[in-house]
Amino acid sequence: MARIRYLGHSSFEIRILNKEGVEKRILIDPFITGNPASPVKLDELTGVDLVVVTHGHGDHLGDAISILKKNPNAKVVGIFELANYVAEQIGDSSRAIGGNMGGPMLVDGLKIALTPAMHSSPYGAPTGVVIISEREGVSIYHAGDTGIFATMQLIGEIYKPTVALLPIGGHFTMDPVEAAKAVELIKPKYAIPMHYGTFPVLYGTPEEFKRLVEEKGLPTKVVILKPGEEFEVKG
Ligand code: NI
Ligand code: MN
């Protein structure tokens, strides 16, 4: 069973079994300090194996550097330029797993694929990420910050996401209208909205997103998590 805990905004903690059956603790876009929606303190984030960063904006790179400093065994995963930048900041290039969009990277007994994102980033290209546990038969797609793009359909076809974590706030990313269309393209079993409500400019609401997905008659179940809540997912 994989566990997805929402840490507010686009931050998630994922616990998932690798191919040897060892649980890996992964943080995606750990934005804790300065995140009004964060349910945790930075010091609580221990035993971290991987920190995945989708792009270099402050609300995604967030506390990645201090978390990596506090977790000396943790590695950073992201696009080449961003992973190298983070490794430079922590002074340890051996802990950078920098890749690019393409086939998955093989990391710690998991498959981790970087996917396109229609956005911007100060370090390399912005991405989404798919984390795949073949052991669990679970695949989790975190779209990063992105507008909608037709290739989301391919991400759905190739990785068959069990869960899609999708931004819905608008202004910088998709709003509920585009995100509901994205669900139609990706066809995940579950969709969890993110990147809303943190700041006043993010107007999209999870209720509207859920309603729009349901109106389309899609089989996807929308799961709205409050910061701190956890969702358990079986393959
Ligand atoms: Ni961004
Ligand atoms: Mn953002």
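In the structure, which is a predicted model, isoleucine 26 is in contact with Phe12, Glu13, Ile14, Ile16, Leu50, Val52, Leu110 and Ile131, when residues up to four places away in sequence are not counted. Isoleucine 26 belongs to the largest nonpolar core, a set of 75 residues, and is one of those that touch the most other members, together with Tyr141, Leu166 and Phe209. The element that gives the most to this core is helix H5, spanning residues 176–186, with six residues.

The N-terminal end of H5 is capped by aspartate 175, a side-chain oxygen of which lies 2.9 Å from the backbone nitrogen of valine 177. After H5 comes lysine 187, which has a positive phi, near 55 degrees.

The nickel ion (ligand 1) is coordinated at 2.2 to 2.3 Å by His55 through NE2, His57 through ND1, His119 through NE2 and Asp145 through OD. Because the four donor atoms subtend angles of 90 to 173 degrees around the nickel ion, the arrangement is irregular. Along the chain, the donors of the nickel ion follow the spacing H-x1-H-x61-H-x25-D. Histidine 119 is located in the loop between strand S8 (110–116) and strand S9 (127–133), and aspartate 145 in the loop between strand S10 (138–142) and helix H4 (152–159); the pair therefore ties together parts that are 26 residues apart in sequence. Histidine 119 has a relative accessibility of 25% and so counts as partly exposed, whereas aspartate 145, at 2%, counts as buried.

Aspartate 145 coordinates both metal ions, and the manganese ion and the nickel ion are 3.4 Å apart. Distant parts of the chain are linked by the pair of histidine 60, in helix H1 (residues 58–61), and histidine 195, in the loop between S12 and H6, which are 135 residues apart. Histidine 60 counts as buried because its relative accessibility is 0%; histidine 195, with a relative accessibility of 1%, likewise counts as buried.

Threonine 115 is part of strand S8. Its relative accessibility is 2%, so threonine 115 counts as buried. When residues up to four places away in sequence are left out, threonine 115 touches Met101, Pro126, Thr127, Gly128, Val129, Val130, Tyr141 and Ile155. Of these contacts, Tyr141 is also one of the core residues that touch the most other members.

Asparagine 35 is situated in the loop between strand S3 (23–28) and strand S4 (50–52). With a relative accessible area of 5%, asparagine 35 is buried. A polar atom of its side chain lies 2.8 Å from the backbone nitrogen of alanine 37. Apart from neighbours within four places in sequence, asparagine 35 is in contact with Leu7, Gly8, His9 and Thr198.

Note on methods:
Residues are numbered from 1 along each chain as its sequence is written. Chains are lettered from A and ligands numbered from 1 in the order in which they are written. This is a predicted model: local features need pLDDT of at least 70, side-chain atom pairs count only at pLDDT 80 or more; totals for chains, interfaces and linings use all residues. Side-chain values use heavy atoms; hydrogens and water are left out. Donors are N, O and S atoms within 2.8 Å of the metal (3.2 Å for Na, K and Ca); water is not among the atoms, so sites may look incomplete. Four donors count as tetrahedral if all angles lie between 85 and 135 degrees; four count as square planar and six as octahedral if opposite donors are over 155 degrees apart and all others between 65 and 115; anything else is irregular. Helices (H or I, at least four residues) and strands (E, at least two) are DSSP runs, numbered from the N terminus. Buried means under 20% relative accessible area, exposed over 50%, partly exposed in between (1.4 Å probe, protein chains only). Contact means heavy atoms within 4.5 Å. A polar contact is a pair of N or O atoms within 3.5 Å; within protein, one must be able to donate a hydrogen and the other to accept it, and residues adjacent in sequence count only if both atoms are side-chain atoms. A nonpolar core is a set of buried Ala, Val, Leu, Ile, Met, Phe, Trp, Tyr and Cys residues joined through side-chain atoms within 4.5 Å.
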